[in-house]
Amino acid sequence: MARSALLNVMTQAAMKAGRSLIRDFGEVQNLQVSMKGPADFVSNADRRAEEIVFQELSRVRPDWGFVMEERGTVEGRDPQHRWIVDPLDGTTNFLHGIPMFAVSIALERDGQLVAGVILNPAMDELYTAEKGGGAFLNDRRIRVAARKTLPEALFGTGIPFLGRGDHAGFLYELRQIMGETSGVRRMGAAALDLAYVAAGRLDGFWEEALQPWDVAAGAVLVREAGGFLSGLTGEKFDHMRGDIACGNEFMHKALVDQLKKARAQRRRASAPAAETPAAD
Ligand code: 2AM
Ligand code: CA
């Protein structure tokens, strides 16, 4: 498959960072049994991968800026273009020796997402998409799943954890959606969840409080695979805000409806109980 020059540049950077992550992942697996554990080692693996992506992309497009997980925002001389990069999405998986992690690179042009590359180096799965050019897994064209009804649907999500997110609110969402569908998966790498929606493996995905680098490349993939994206209550999707709900046309709508029901349930549960008339 002939890739555009742009996707080639992004793919080369992702693969080089991926090779570094795979070397470090081997070491993480050895460190699992040590008392100290692999935490510091993993932060370094993350920084090394980011440095590789930064150097590779800066070399071929010296004027373009960056938004990166570790480095933050780097202004470029070209005001039109910037890369949005997560060098290691699924850090907790990586730290625990679970091979579900990814390098995620997106390109923004004039504020719009125009290309995305996600690489799972442990599974040799490379997802690429460019605006108007479709979405691919390795060399194969991918499409969102065709399923139309909730009982046959499998959804992905992210579960809030210690110190992060709205735990009580999430439980309302989960209770609503698990009761209506074939199931819910929590894989721990938002970029891969979105790639899985694009590949038709998951019928949809929702999560709140993500970062631009978690969702930017995946959003291009889902769109180019024929999917629909929004915020959690159906508002226009904005990759700089961290809320996302997506799926094919039907599943996206059904998911947003379920999330609205979950909010209504929560509101009812937290409303003060109606006053009971006093007995006299
Ligand atoms: P990370 O692995 O790059 O940290 C899991 O639900 C998803 O949430 C992952 O994509 C993970 O990205 C992301 N995540 C983890 N901690 C986060 C935080 N504090 N804020 C936003 N996203 C986070
Ligand atoms: Ca991330």
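A salt bridge is taken here as a side-chain nitrogen of Lys or Arg within 4 Å of a carboxyl oxygen of Asp or Glu. The structure is a predicted model, in which local features need pLDDT of at least 70 and side-chain atom pairs count only at pLDDT 80 or more, while totals for chains, interfaces and linings use all residues. Residues are numbered from 1 along each chain as its sequence is written, chains are lettered from A and ligands numbered from 1 in the order in which they are written, and side-chain values use heavy atoms, with hydrogens and water left out.

Side chains of opposite charge can pair when their charged atoms come close. By the rule above, the model holds 15 salt bridges. One of them joins Arg-241 to Asp-243, at 3.4 Å from N to O. Arg-241 also forms a salt bridge with Glu-235, where the closest N and O atoms are 3.6 Å apart. Asp-243 is buried, at 17%, whereas Arg-241 is partly exposed at 43% and Glu-235 is partly exposed at 26%.

Another salt bridge brings together Arg-266 and Asp-166, at 2.8 Å from N to O. This pair links distant parts of the chain, 100 residues apart: Arg-266 belongs to helix H7 (residues 249–270), and Asp-166 to the loop between strand S9 (154–157) and helix H4 (167–178). Helices (H or I, at least four residues) and strands (E, at least two) are DSSP runs, numbered from the N terminus. Arg-266 is partly exposed, with a relative accessible area of 32%, and Asp-166 is partly exposed at 30%. Elsewhere, Lys-16, Glu-56 and Arg-59 are linked in a network of salt bridges.

The largest pocket has a volume of about 430 Å³, a volume being the space filled by probe spheres set on the points, which are joined across faces, edges and corners. Its lining has 22 residues, and those closest to the centre are Asp-89, Thr-92, Phe-161, Arg-164 and Gly-188. Strand S3 (81–89), helix H3 (91–95) and helix H6 (212–224) each give two or more residues to this lining.

The second largest pocket has a volume of about 240 Å³. Among the residues of its lining are Lys-131, Arg-223, Phe-228 and His-239, and strands S5 (112–120) and S12 (228–230) each contribute two or more. This pocket lies between domain 1 (5–141) and domain 2 (150–269), because both give residues to its lining; the domain bounds come from an automatic or database domain assignment.

Methods:
On a 1 Å grid over the protein atoms alone, a cavity is a set of points where a 1.4 Å probe fits but cannot get out, and a pocket is an open set with protein on both sides within 12 Å along at least five of seven lines; lining residues have an atom within 4 Å of a point. Buried means under 20% relative accessible area, exposed over 50%, partly exposed in between (1.4 Å probe, protein chains only).
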